[in-house]
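Hello,

Here is the structure for you to look over. My notes follow below it.

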Amino acid sequence: MIARIETIMDTTPEKLWEEIAKPSSLQYVAAPILYFHPINGTDLNSKWEINKEYNLRLYFLKVIPFGFHKIIIKNFLKNEIVSNESGLLAKVWNHTIKFNAINSNQIAYTDIIEIKAGFLTVFVWLFAYFFYRHRQRKWKKFLTDISKSKETANGTS
């Protein structure tokens with residue numbers, strides 16, 4: 001089953017790219033719904049690497065254990081990121097992020113998630129739909145906050 005969630009963000013592809021390349025941003029946009037705790041030497045403080053396996057312990061609301069989650073970045077292109085993911089409930093959670101400029105300060109942003117979770121697929125799909133709406137709202141806030149802090153630092157506010 002495929003979940004496709006789209007939005008428009010007030011940013012540029014370059015600004016989003018700068019932040020989305022950092023695994024640490026995953027924690028921000030997922031919180032407070034999901035929290036990823038790195039295990040087995042997984043580092044979320046550098047940049048995403050192609051074909052590297054990121055092993056994580058997943059928590060719902062930061063306190064309820066939700067099993068393990070694995071992320072493998074397959075493509076990390078200028079305006080598209082593809083990851084193959086899996087976890088306790090979803091044996092397949094393949095995620096594609098696409099974004100393109102609409103004009104000089106807006107982008108069209110899309111999350112596409114392929115979900116295979118057996119008889120739970122419909123329920124996991126519903127969760128994914130609401131979770132990615134949440135993530136997109138968090139991205140918008142994060143990018144706005146970063147822009148404001150850079151303007152303040154440059155004395156342009």
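Which residues form a nonpolar patch on the surface? Met1, Val122, Phe123, Leu126 and Phe130 do, in this predicted model. Together they have about 520 Å² of accessible area.

Take Leu126 from that patch. Leu126 lies in helix α3. Its relative accessible area is 37%, so Leu126 is partly exposed. The cut-offs matter here: under 20% is buried, over 50% is exposed, and partly exposed is in between.

Helix α3 spans residues 121-153 and also holds Ser149. Is Ser149 buried, exposed or partly exposed? Ser149 counts as partly exposed, because its relative accessibility is 43%. I also checked a distance from this serine. Ser149 and Phe66 are 83 residues apart in sequence. In space, C-alpha to C-alpha, Ser149 and Phe66 are 35 Å apart.

Now a serine in a strand. Ser83 sits in strand β5, which covers residues 80-87. With a relative accessible area of 4%, Ser83 is buried. That value is under 20%, which means it falls in the buried class.

What does Ser83 touch? Leaving out residues up to four places away in sequence, Ser83 touches Ile71, Ile72, Ile73 and Lys74, along with Trp93, Asn94 and His95. There is a polar contact as well: the Ser83 side chain meets the side chain of Glu85 at 2.5 Å.

Best wishes

Note on methods. Residues numbered from 1 in each chain as written. Predicted model: local features only at pLDDT ≥ 70, side-chain atom pairs only at ≥ 80, totals over all residues. Heavy atoms only, no water. Helix = DSSP H or I, 4+ residues; strand = E, 2+ residues; numbered from the N terminus. Buried < 20%, exposed > 50% of the residue type's maximum accessible area, 1.4 Å probe, protein only. Patch = residues over 30% accessible without salt bridge, like charges linked within 9 Å, V, L, I, M, F, W, Y side chains within 5 Å. Areas by Shrake-Rupley, 256 points an atom, 1.4 Å probe, with all protein chains shown as cover. Salt bridge = Lys/Arg side-chain N within 4 Å of Asp/Glu carboxyl O. Polar contact = N/O pair within 3.5 Å; in protein donor to acceptor, adjacent residues only side chain to side chain. Contact = heavy atoms within 4.5 Å.
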